[in-house]
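Dear colleague,

Please find below the structure I am handing over to you, together with its sequence. My notes on its salt bridges follow.

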Amino acid sequence: MELNMLCTSVKEVLRTSMIEFLRTSLTEFSTDIITEYKDLFADLQRWGFNVYCFQHLDAAGDLIGKINYVTAAKLSYSTGKIAAMMQSRGTLFYLGFQGPGPMTAREECTLICDKNWIRIRYPGFAENKFTGEAFKLFCWMLKESAVPNYATIANILPVCAGLEENAALRFGKEIHSYVLHRPELMDNISVTNALMGFYSRTGRMNKAECLFARMKSRDLVSWNSLIAGYSLNGESLKALELFHDFTSVAALKPDHVTLVSILPACSHLCNMNVGKQIHGHIARHPGLIEDTAVGNALISFYAKCNDIKAAYRIFKSISKRDLISWNTMLDAFAESGLETEFVDMFKWMFREGITPDSITIISTVQLCATLFRVDRVKEAHAYSIKTHILLCNTELKLRNALIDAYGKCGNMLYASSMFESLSENRDVVTCNSIISGYVNCGSHDNAHMIFTSMSERDLTTWNLMVRVYAENDHHSEALLLFLELQNSGLKPDALSLMSILPVCSQIASIQLLKQCHGYVVRACFDDAHLLGALIDIYSKCGSIGSAYNLFKYASKKDLVMFTAMVGGYAMHGMGSEALGVYSNMLELGIEPDHVIITTILCACSHAGLLNEGLNLFDSIEKLHRLEPTMEQYGCVVDLLARAGRVNDAYSFVTNMPVEANANIWGALLGACRNHHEVDIGCDVADRLFAMEENNIGNYVVMSNLYAANARWDGVLETRKLMKTRELKKSAGSSWIEVEGKNNVFIAGDCSHPYRNSIYSTLFNLDTQIRERFKF
């Protein structure tokens, strides 16, 4: 009866995960009862638990482990969770979920008896997400007046690092202070290594550096801890420097931990040279090349350096692939947008019997979002529910990824539904994902509503909202929000500047632009896209000289910067200078893309460089093996039209291999107006009115064309069409910044306080233009 009650109690607890109740139930019975009824142990093992029973055999401080029902050599250990640990009449019982593989010497529990206290060293506590339980056990130990030794300190510090940030630092520093009061601990390499690991994981690399510098002797773990710390905290250059010192000075050789730590630093710096040298070292050492973790790190290195073929070769060479191997390769294909390769590998993974986890699903939905395949996102979502991956409360990253994917695909119904379902379990990333979705869909009011309701915001949140205001011509609000971002204690990054720079061009404020440029210099930003944006905005604000100086003195010029500079010259009608920059780019071996080709064609068009422009257009297919885009066809039409060759432009359009769009016909209609080609203009206008019947600009151009040729009947007919279709031309506007103040002018508006002086000056300028100057 007693046993039946116990079994019923344990089974119920195992189902409900009530660990405290399990501990209470077992401690009510003697060791003899639990030892006698071995079928209970068999039940526990069948349910996925390991049961270990350790008994005190003497009081001198030694503990001899006696394990019931399983032998130490064959022990299976948990890769995941510890269910319960309990004491009863001098015996410690430990229950853990069963996992694959035998327990190694490093991973098994080490138990030391000291004044009837059992100290437990279990390296998997922090990694197994039982930091709270482990820390409670440590506190319990201190209350029992047990004195921690080096093993206790070395194992509790990783647990502290797993706590919430403020608590982690507080407890970690207290332990460090305790160590300083015990010289024998401070001189212990394991303790110092653990302290370095703690400070590295909490982002305090200066303290980790000090500890490393003060060490009298260092082992391999010491070097590995600091190298891994630098890589983890984004200090990749320091990681490489320390790795060089290690290989040059230390009498030790790098192991798999060293290499797994240094390869991410190489990929972060895109340093293929050092990465390949490390790969060569690995290839020369069979013990390393057979290590799956090292192979996974190499896959990630090559993938992040955009060498997908090398990453795939490494993947195929790994003899014992684990789930991380598959996830790393799948992520590489997803990041490169290789849909076919991703799907083929996904199928291969299933054939091999590998079960996807949340990381696999995240890579899948991110690729689907990039390709705007909302149907595939739904399939991945359904699979994650069917396999219970999404039902786990800890999988917030997957939920955030799904919200983001639905938002990018424009399905805000699903995105908002998922967001609402997380009302009790949201983080900053959750809110950022839904804000991003609303921004991409143009629902700026909803984005603002989420933003104002957030209790915590990160830099991404602010950048998104600055972008919202900038894109909607709310210049003042965007600037105020940018200032509020700085006042909140956060430092703007390159994306912050990219979000606010369009405001500078929209209000033509060279003063604000220079302030942004100054911040970029002081912050030492070396982002090619940001520098390209600065060049572009300087050009749009009329300061082409400043744009060229920025381009000229840039240490690294890429396609983005060349495109920005060519675009700047094109904007200012400086075709020859634009061609010079383009030729310089080709000489450097940089392959052009459609964007810069379109830009250089515009430059030729604006500068009247007909032959140069036509030669460039011919080079698109013949030299660069690209298919001309609609924009490029439009540039050729504009190029011919500006040169007065309207008939050639019309023939070019009608003989295009693709159907011309409204932009091309609109450019041709404008050319007909400028060169008084009424007959061709009528044909072009008929095509345009069929395509864009509500575009008032086309009607205005056609009316002006009739009027320029005294075809008043055509003017009346065009205006009648405009009236019938209720089309009205919006008032023209312009603005200029004077002494830091923006002055806006709208056609027909006389509200400016200096309007009399302005109109008087304009009248004088108009008179002088009409007169012939005599010098």
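**Salt bridges in the model**

Glutamate 379 and arginine 376 are joined through their side chains in a salt bridge, with an N to O distance of 3.0 Å. Please note that the model is a predicted one. Both residues belong to helix H21 (residues 374–386), where they stand three residues apart and are therefore separated by about one helical turn. Glutamate 379 counts as partly exposed because its relative accessibility is 44%; arginine 376, at 35%, also counts as partly exposed.

A second salt bridge pairs glutamate 209 with lysine 238, whose closest N and O atoms lie 3.4 Å apart. Glutamate 209 sits in helix H10 (residues 205–214) and lysine 238 in helix H12 (residues 236–249), so this contact ties together parts that are 29 residues apart in sequence. The relative accessibility of glutamate 209 is 25%, which makes the residue partly exposed, and lysine 238 is likewise partly exposed at 36%. This pair also belongs to a network of salt bridges that links Glu209, Glu235 and Lys238.

A further salt bridge connects the side chains of arginine 182 and glutamate 184, at 2.8 Å from N to O. Here the two partners fall into separate classes of accessibility: arginine 182 is buried, its relative accessibility of 17% being under the 20% cut-off, whereas glutamate 184, at 47%, is partly exposed.

How many salt bridges does a search of the whole structure find? The total is 12, the pairs described above being among them.

Yours sincerely

Terms used. Residues are numbered from 1 along each chain as its sequence is written. This is a predicted model: local features need pLDDT of at least 70, side-chain atom pairs count only at pLDDT 80 or more; totals for chains, interfaces and linings use all residues. Side-chain values use heavy atoms; hydrogens and water are left out. A salt bridge is a side-chain nitrogen of Lys or Arg within 4 Å of a carboxyl oxygen of Asp or Glu. Buried means under 20% relative accessible area, exposed over 50%, partly exposed in between (1.4 Å probe, protein chains only). Helices (H or I, at least four residues) and strands (E, at least two) are DSSP runs, numbered from the N terminus.
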